[in-house]
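Keep the 3D view open as you read.

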Amino acid sequence: MASHVVPKTWKNGLLEVGPGVFAYVQSSGVDPRGDTGIANAGLIVGRDGAVAVDALMVPSMTRRLVAAIKKVTTKPVAKLINTHHHLDHTGGNAFFKTAQIIATDKARGALEPGFPPVPLLQRFMPRFAAEFPKLRVVLPTVTFQDRMVLYDGDREIQLWHPGTPAHTIGDSVVYLPKEKILFTGDLCFHYVTPLAFQGHVGHWIKALDRLLDFDADILVPGHGAIGTKQEARYVRDYLVLVRREAKKRFDAGLSPEEAARDIKLGPFRAWSDADRVLPNVMRCYAEFQGQPDSPLDLPRMLAGMEALRGHATDHTCL
Ligand SMILES: [Zn+2]
């Protein structure tokens, strides 16, 4: 396992990562209050219009994103890509009224029933509680299965779905082959603990293996700092560690909560939201039980994460 130094801070805001290609990073370092809901986005300005990658979560966030976009281009956002159905990537869809919204058919299907109930969101992400009642689901208008390519002048924008559930059932990444830039959606979390509560950890590891084959120099993750393939390897290392250690404890008859408390995270304990080890272990257990599609018990997950945070504060031994 790669040991590494977790940066104290990183650049945020709308950052140009290639000619006319921007990453929008909301966080600026490991936040003790947690990173849940604080996603990244992207912008690709082309000859005919602009393409946005993800719409963030609550109105205050998306308003800031839209204002930042207007500072770098007067072109309309003609297309918006949702890298997956999660609220922190689709909550702001309503702000892109004139855009075609593109996602995998599976991501659209997962968004169709609507967002999780407001009280659950408020418990999970209390910092944004006041804004959740304002959210309105806006579904993708164009879907694809495994692959789609958008052309805008010389620019080629490839969309790719790994073919299995990974972070969620319908993940996609956005790849610019000429510029060697990859918007990974939530297949990558950089210095922020990956969250698999609706995912499949084993398949996610395989999806990362395939992602590492892309010819890319710059990776814009769904959460955390802009990075390179090195950070994608750390994400893979984390998932491999958690899955391997969860299996030992599953075989020994420990509950997911006991396993999550017991697993030593090594360098990853410095990443934000270390308590996500519990949902990640719970998903591994579902996999080991042969029920990878069974939904996670969210109230149990939240109670367990709250207990883990208390445990970490009391004994600093998470
Ligand atoms: Zn997500």
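## A strand and its partners

Leucine 176 has isoleucine 181 in E11 as its bridge partner. Before going further, keep in mind that this is a predicted model.

Leu176 belongs to strand E10, which covers residues 173-176. On one side of the pairing story is strand E11 (residues 181-190), antiparallel to E10 and joined to it by three bridges. The two form a hairpin with four residues between the strands, and lysine 180 there takes a positive phi near 60 degrees.

E10 also pairs with strand E9 (residues 155-160), again running antiparallel. Here leucine 159 stands opposite valine 174.

Here are the two pairings side by side:

| Strand paired with E10 | Direction | Bridges |
|---|---|---|
| E9 (residues 155-160) | antiparallel | three |
| E11 (residues 181-190) | antiparallel | three |

So which way do the side chains go? In a regular strand they alternate between the two faces of the sheet. You can see this in E10: Val173 and Tyr175 point one way, Val174 and Leu176 the other, and all are buried.

Now hop over to helix H6 (residues 229-251) and helix H8 (residues 277-288), whose axes come within 9 Å and cross at roughly 65 degrees. That crossing is right-handed. H6 brings Val242, Arg243, Ala246, Lys247 and Phe250 to the contact, while H8 brings Val277, Asn280, Val281, Cys284, Tyr285 and Phe288. What kinds of residues make up the contact of H6 with H8? Eight are nonpolar, one is polar and two are charged.

Definitions and conventions: Residues are numbered from 1 along each chain as its sequence is written. This is a predicted model: local features need pLDDT of at least 70, side-chain atom pairs count only at pLDDT 80 or more; totals for chains, interfaces and linings use all residues. A residue is buried if 20 or more other C-beta atoms lie within 10 Å of its own, exposed if 12 or fewer, and partly exposed in between; C-beta atoms are placed from the backbone. Two strands pair if DSSP finds at least two bridges between them. Axes are lines fitted to C-alpha atoms, for helices over the stretch in contact, and angles run from 0 to 180 degrees between N-to-C directions. A crossing is left-handed if the near helix is turned anticlockwise from the far one by less than a right angle, and right-handed if clockwise. Two residues are in contact if their C-beta atoms, placed from the backbone, lie within 7 Å. Ala, Val, Leu, Ile, Met, Phe, Trp, Tyr, Cys and Pro count as nonpolar, Asp, Glu, Lys and Arg as charged, and the others, Gly among them, as polar.
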